[in-house]
Amino acid sequence: MTLLIIAYLGGVLTIFSPCILPVLPFVFARAGQPFVRSTLPMLAGMAITFAAVATLAAVGGAWAIQANEYGRLAALVLLSIFGLSLMSPRLANAITRPIVDFGNRLTNASSMPGSAPTALGSLMLGVATGLLWAPCAGPILGLVLTGAALQGANLETTLLLAAYAAGAATSLAVALFAGGRIFAGMKRSLGISERLRQGLGAAVLAGVGVIALGLDTGLLARLSYASTASLEQAVLDKLHTARSPAPSSEVASNSMMALDTTSPFHADLPIEGQAPSLDGAVEWLNSPPLTIEQLRGKVVLVDFWTYSCINCIRTVPFVRAWAEKYKDQGLVVIGVHAPEFAFEKKIDNVKKAIGDFQIGYPVAVDNDYTIWRAFENSYWPAHYLIDAKGQIRYHHFGEGNYQQTEQAIQDLLREAGSDMKASASVNPDAKGAEAAPDLQNIGSGETYLGYQRATSFSSFEAMQADTARDYSAKPLQLNEWGLSGTWTVGAEEAKLDKAEGAIGYRFSARDLHLVLGPDDSGKPVRFQVTLDGKPPGADHGADTDADGNGTVTTTRLYQLVRQSADVKPRDFQIRFLDPGVEAYAFTFG
């Protein structure tokens, strides 16, 4: 229920996002019409269609993406007819009378005397709008879509997306109610009904143009990058704290270590519920399998992570330092590796990453997301602190709050009976991708290259799913990316079929990272990076040299750029000298 409320509130907040602008003309074209016969069916059609299409896009294959493209094309045609009918029924009829007559009957777009809106016509208008609406993926929608990708097609996925769409429909209904009264007043006082209708028709056609050109997922998405993110994160932090109680048999189990009940210190941390089971990992690394019962009497830090996630990578130095600093005081750190991409399910890849990150604490490989679901977790990274009695006492999602988390560790250790002395917080000397981000200068966000979650793609050719295609580069606007060469774009990754292919991105951030890997052959792939058409020099990343040269040897996150001076927008390109590379996602820092 909590997630449904969060999803609904996330949808309500979309009214403040520029990404809603392209669909507003379609909605306001119904201003002044009866609510039950016009507004309600239209908004319902929009919400239901968006929920259905988003569910298929999140969990479906190439067929779902292709089907949605045809649906969008049909919707653009229908709404173009709708806009023409508003501007000039005579002009619309002159273009093609049968189609326009059908469009007018379907949408009741004309305002000719005696015409009356029908529920079916409004519903179809809402269906068309739902096919075209592409809301900006803020924290809440990202949470919903990530859950959909992890859990597959199910009723919960559709309900969450429907709740999100219903929230957007609610805020649009309020806006339409207010706008409808304004329009009605203007018609009565100024007598400009015809001009208003023509203006709405022009706005509808403009909305169609914006969507057809991809500006709703490009320019407007960039304008929306931080518009509602803080509000959405506040909603998540406020509401998404519920925890499931552990089974009674687990609560009553005897601990292997006696608790020090004489400790006078009590941590000022709330009890969030009993810690759930750690069962379900497909393998444990650095340790035999551990259970909550075995860990009674210890303070446990559970760290949900995945090895190609840049936010997780930047928390590793702190988690590693806490494990070392407090191991003799009774702290046990457990990393729960829950994969985001398919390649992260390979045990050998996880083992290599653990070695590369110098992780010595136990890691549970949670390929089936069993532990993830038991904790009702939704984030990478996520930290949960469990006290000596097996109760969750603290959690934190994402990067940051390191001092607060370490203070919670110290408090729970003292509560468990440790006589540790007060000490300064750890300050690890992190390098490369592990270094803290330059938050003040990040103007680019995580960008996926697989068609399942790709946004802001900009090559001269349209992206084609699961099919080898020749792409060519075009000039990029800020936060757009594109391909050149022969690529096959899959659900999660773009794979280079022939040598000399490239990926371009115009970004604004200190650091640019790209998750890359060789194909199934495992052959290394050489690459060259340029910034604004030149070798990066002092702005090269940890995985390139000053000339921009590097090699993809394993599937992981590669740091390709670190601007050494003032951060400014740059044109990035990576050109691969060999075929077979697989590219997954850009991240920035």
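Author: Buried means under 20% relative accessible area, exposed means over 50%, and partly exposed is in between (1.4 Å probe, protein chains only). This is a predicted model: local features need pLDDT of at least 70, side-chain atom pairs count only at pLDDT 80 or more, and totals for chains, interfaces and linings use all residues. Residues are numbered from 1 along each chain as its sequence is written, and side-chain values use heavy atoms, leaving out hydrogens and water.

Reader: What percentage of the residues in the protein chain is buried?

Author: The protein chain has 589 residues. It holds 17 helices and 18 strands; these are DSSP runs numbered from the N terminus (helices H or I, at least four residues; strands E, at least two). The buried share of its residues is 52%.

Reader: Among contacts between residues at least 6 apart in sequence, what percentage joins residues at least 24 apart?

Author: A contact means heavy atoms within 4.5 Å. For the protein chain, the share joining residues at least 24 apart is 77%.

Reader: Is Leu278 buried or exposed?

Author: Leu278 sits in the loop between strand 1 (273-274) and strand 2 (283-285). Its contacts, leaving aside residues up to four places away in sequence, include Trp284, Ile334 and Phe375. Because its relative accessible area is 2%, Leu278 is buried.

Reader: What distance separates the C-alpha atoms of Leu278 and Val302?

Author: Leu278 and Val302 are 24 residues apart along the chain. Their C-alpha separation is 9.9 Å.

Reader: Which side chain makes a polar contact with that of Asp387?

Author: Asp387 lies in the loop between strand 6 (382-386) and strand 7 (391-397), and it is buried because its relative accessibility is 3%. Beyond residues up to four places away in sequence, Asp387 touches Lys298, Arg393, Leu412 and Glu415. A polar contact is a pair of N or O atoms within 3.5 Å; within protein, one must be able to donate a hydrogen and the other to accept it, and residues adjacent in sequence count only if both atoms are side-chain atoms. At 2.9 Å, the partner is Arg393.

Reader: Why do the rings of Trp305 and Phe357 count as they do, and what is the pair called?

Author: Rings of Phe, Tyr and Trp (its six-membered ring) pair if their centres lie within 6.5 Å; planes under 30 degrees apart count as stacked, over 60 as edge-to-face and the rest as tilted. The whole structure has 26 aromatic pairs. The centres of Trp305 and Phe357 are 6.3 Å apart with planes at 70 degrees, so the pair is edge-to-face.

Reader: How many residues apart in sequence are the parts that Trp305 and Phe357 tie together?

Author: Trp305 is buried at 2% relative accessibility, and Phe357 is buried at 13%. Trp305 belongs to strand 3 (residues 299-305) and Phe357 to the loop between helix 15 (347-356) and strand 5 (363-365), so the residue gap is 52.

Reader: Which ring does Arg556 lie over?

Author: A charge sits over a ring if NZ of Lys or CZ of Arg is within 6 Å of the ring centre and within 35 degrees of the ring normal. Arg453 lies over the face of Tyr448, at 3.9 Å from the ring centre. Arg556, at 3.8 Å from the ring centre, lies over the face of Tyr558.
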